[in-house]
Each structure stands twice: as C-alpha cells, then as structure tokens.
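I opened the model and kept these notes while going through the two chains. They are in the order in which I looked things up.

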Amino acid sequence: MVNDNMTSEPIIEIQNLVVTFGEGADERRAVSGVSFAVHRGETFGLVGESGSGKSTILRAITGLAANEADVMRVAGADVRTRRGKDFYRKVQMVFQDPYEALHPRHTIWRQLMEPARIMNIPDAEARGHAALDSVGLSRALLWRYPHQLSGGQRQRVAIARALMSEPDILLLDEPTSALDVSVQAEILNLLCDLQDERGLTYLMVSHDLGVVAHMCKRTAVMHAGIIVETLDVDALVNGGATQTYTKRLIAASEAYGEDPRDIAQPRAS
Amino acid sequence: MSIDSKGLTAWLTTEEPSSASHAAFQNVWLVWRRFASNPLGIAGLMIILLLVFVAIFVPWLAPYSPFEQNLRETLVAPNSQHLLGTDELGRDILSRILWGSRITLSIVAIVSVIVAPIGLIVGCVAGYYGGWLDTVLMRITELFLSFPSLILALAFVAALGPSLNNAIIAIALTQWPPIARLARAESLSLRNRDHISAVRLMGASNLRIVLGHIAPLCVPSVIVRITLNMAGIILTAAGLGFLGLGAQPPSPEWGAMVSTGRRFMLDSWWVGTMPGLSILTVSLAFNLVGDALRDALDPRQE
C-alpha cells in the first residue's frame, strides 16, 4: 500500500484503521482495516460511493469518530489516543456543507477569531486579514453573517478559518459537492493555489472522479469500508484500474456524463 | 428629521455593516421588523409596556391608597369617584389593581430570572454530554414534570409557609423542567452539527462548546418558551393567591382579590371581576408577545 518510491517520511501514515458504530447486535463496521500513507505536499484522494466509509476516515483521524488502528501517525506524532492542541494546530478540516460548518449567529470576523482565541494564536487580527486575503474575500464582508453570503463565499470563509492556525494538513470532506458547478471550479483552483503558496498536504474525500482527477496525484478507491485499490490518477484516467469495482465506478461516472479525461485539466503550477 | 430617519434606516439595512456592533444592531432591527409585522404581537407588547409603566409610576397614578379602608363606603358599585368600585372594606379596587401590577410583574420577572439559566444549563449539559449525565439530569427533570405544576407549588408553599416569596420559589421550581427539556432537545440536534465539530477541531474545551456555542443557539427558543409560560406563571401565582398560599392580606395581589370577590359574587360582581379581567388581559398579552417572538426569532426564516 505504502508508496515505496517516495523517500520522504509520510506525513499521514495509517495502518489497519477500524471504525465501528453501535454496540452489540447493532454493531456496524464503517471502516474495516484501511491502510494508506500521504506524503508532505501531496494531495491524496479517497473516492467511493456514499456510505463507503471515506468521510468516516477523516472523522477518525480528527478523533470525531472513535477508532482503533495499528498505526496512526500524523505529522510525526502518534495520535491514536490523545490529540492535543498541537495536533489541531497542524490538522484542520473543511466540511462538505459550508452553511452547516459555520456558526449561524457569528459574524465572519468572529468565525475567524474563534480558533485564534481557542488556540491562543498571537497576532490573530493580522492573520485573520491575511487569511481573508488569501481566500479572496473582500473585507467588506467581515461583519456579515453566514446566511448573508453565497455558498462559494461561505466555503471560502470555512477555508480561511481552517488556515488561521497555519496548519500543515487540510482534511477536505467533499469541499465542493454542495456548490454550483462554476463555483466548484473556483474553490478547487483556490485550494490548488493555497497548496502551492503554503505547501499544504491535502487528504481529500470525494465521490466525484472528475474532482479527484483534477486535484490528486494518487487516490485510494473505497468500497464497503475497505480500500479496493490505491493507484495513480494517471492510471485511473487512462484505464489502468485493475480491480473490477474501480472499473465499474469509472464506467458509472462516464455514463453519468463525466469522463474523467474531460474534466481532468492539467494543474497549473 | 426625514433625512435623519432615512439615514438611520439605510444604516440599519446596509449590506455592508462596518463593525461588530453595527451588525448586532442590524440583527436586532431585523428581529424587530419581523415582530412589528404581527399586529397582535404589537398589541400584546403595548399592554405589557403599559403594565411596566403603571408598576413604575403607580404612586402618582393611583387615586387612593391600596390599604386605606373606608367602612362607610363598602362594596360601592363603579362610579365617578371609584371607577372600578370598592371592596368589602371600602378600599378602591382600581388603586389596588394598579398597585397589584408591581406584585404580578415582580413574580414574572423573578421567576424568569431564576428559571431561564437553570433550565438552559441543565438542558444543554444533558443534551451535549449525553450518557449517564443525561440520564441522571433528565430523570430529575421528569420527577418534577410528573406532578401538575399547581399541585407541586402548593406542596412547596405548604411546606415552606404561605408568603409571596415562597410562592415565587415554588413557581420557579415547577417552571424550569419544561425549559430544560426544550434546551436538551435543541442541544441534541446541535451537537452533531458540523459547526460544533469544527469548534471541537480547534481544540475547544467541552465547557467552552456548551457555554459559547450550544447555549447561545438555544436562547431564542428558551425566550419564546418563557414568554409563553409567563401566562402560566401569572395564573399559578393567582391560583396560589386565590387559595391563600401566595401574597397575604392586605397586599393587593390579583389572585387573592379574586378570592375575596368570590364571596360577594352575586350582589357585588365588580369585586372579583375587575382583578380577574386584569389577570386575563396580562396573560393574554404575554401569550401574544410569545407567539410573535416565536415568528420573529425563528432562524429558519432567514
């Protein structure tokens, strides 16, 4: 599973991750024995249909979902048991629905200052302005509430908030699937730009092969709680998938009118 | 003047507020505009404001002392000297009702001040933490809920001794459980929302999440519930007064006045009717305001 030709130490390393919901007779495994590694500065994709456990992996990494794993190292620290403030400084998450992810009664500025207050970030105001600038939001929006913004603007606020602690890793949970198609492209390009500027590592969950092909170098294909295969996006796009499930997924995506080759544009870097 | 008010409206409705307080004012303005679009709510608010005005300025408004007896003029029907008549001791009923507004208002205010924080905290803690803490807190809540509130208040007052203060404590004891249940239900639906997860991912403590992120979002529904409950609070207080367990004579409490009026109901209807109408009006006003507030504060309308 682990890509051997990479020499650097992986920034996220997970082996045999198991996430179970419910107890006793209701017990249900959402993720059963998943292993993968993500390298610094890379975008790693997790694709699969709804309910395949891909979002649960992100929640397990952040500790929002209880889990067991043989190895779970994030940014050099073992995070299987306790995650301190250091962890949350380095790892932040961007959620699927930006309206859900922002406090409905806080102004944009307060949304940005909240992480600064919790993590005792120095020069919070300067960082807040810098974060807003880097996601391309006008300062005129500072004192608005989330319901007064468009979906794309909300997602930009959510990304700016995640950037407040200057993290190394962003966990992206379908960051564009709740947005209009034209806005999706804007947000994806913004994420690419931020990665180039700040050297961020992305772990990106998506059900959209086009988005994954656009963003990621490598991706894991998930089905029913396990990784079916891990492959380079080049291979995914050019019919190099070896597993039947992956081929079916690609075929389904093409039937839906999304040929990954059409959507996958070369990344400007 | 018109330019000024136009400037103010523009300031309150501009798309680009310039500071945090500006944004807060705009929010208040928005709630007020939605509230004002409900004429019944405005009517209720006027009555409550009138009640507050009367309670503050009653020494100058009341034509007579509420305690002054005049045994030569007992049970006088409403006339030009005594607009609402006099009671069995010749006291002016209008003056007593006006002075009674202070008692009613203080009962409502004190009970709300006691009940809202207790209900909110118990409900939010139970809903957010879940598990055994939830079980314990909710069983205690249900213990209080399983008695009819008037019976429970009666029992407490009987144990503590009849007085206005004990009545207030007893009413507060019966009024917090519904608030706690409401706050718990709200917290349950909030705690798995993404914006709470996002705060958790900033490393926020549970206390900070409950007090800073969950409780404030429960406040609007708690305010609405308390406003709607105020009618019940007034009626319970009046009921305790009627049974002789609330305010003690000669204090002009409306429920106690209705109680004395009962004895003279057939030949002097005004003695019981006038304070009864006051109770009715004020309870109705609080209900109307509560209904209008529910519409105005509902975040789903945004």
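I began with strand 9 of chain A and asked which of its residues are buried on each face. On one side A:Arg218, A:Ala220 and A:Met222 are buried, and on the other A:Thr219, A:Val221 and A:His223 are buried, so I noted both faces as covered. I counted a residue as buried if 20 or more other C-beta atoms, placed from the backbone, lie within 10 Å of its own.

Before going on I noted the ground rules. This is a predicted model, in which local features need pLDDT of at least 70 and side-chain atom pairs count only at pLDDT 80 or more, while totals for chains, interfaces and linings use all residues. Residues are numbered from 1 along each chain as its sequence is written, and chains are lettered from A and ligands numbered from 1 in the order in which they are written. Helices (H or I, at least four residues) and strands (E, at least two) are DSSP runs, numbered from the N terminus.

Next I looked up the neighbours of strand 9 of chain A. I took two strands as paired if DSSP finds at least two bridges between them. Strand 3 (residues 43-47) of chain A runs parallel to strand 9 of chain A and is joined to it by 4 bridges. A:Leu46 has A:Ala220 as its bridge partner there. Strand 10 (residues 226-232) of chain A runs antiparallel to strand 9 of chain A, with 6 bridges, and A:Met222 stands opposite A:Ile227. Strands 9 and 10 of chain A form a hairpin with 2 residues between them. In the turn, A:Ala224 has a positive phi of about 50°.

I then turned to the open sheet of chain A. Its 4 strands have the order 2-1-4-5, with antiparallel pairing. Strand 2 (28-38) and strand 5 (77-78) of chain A are at the edges with a single partner strand each, so one side of each has no neighbour in the sheet. Strand 1 (residues 12-21) and strand 4 (residues 71-74) of chain A are joined by 4 bridges, and A:Glu13 has A:Arg73 as its bridge partner. Helix 1 (residues 54-62) of chain A lies across strands 1, 2 and 4 of chain A, at about 75° to strand 2 of chain A.

Chain B came next. I found 11 helices and 0 strands in chain B. The C-alpha trace of chain B spans about 75 × 60 × 25 Å along its principal axes. Of its 302 residues, 39% count as buried.

Last, I looked at where the chains touch.

Notes. Two residues are in contact if their C-beta atoms, placed from the backbone, lie within 7 Å. Axes are lines fitted to C-alpha atoms, for helices over the stretch in contact, and angles run from 0 to 180 degrees between N-to-C directions. A residue is buried if 20 or more other C-beta atoms lie within 10 Å of its own, exposed if 12 or fewer, and partly exposed in between; C-beta atoms are placed from the backbone.
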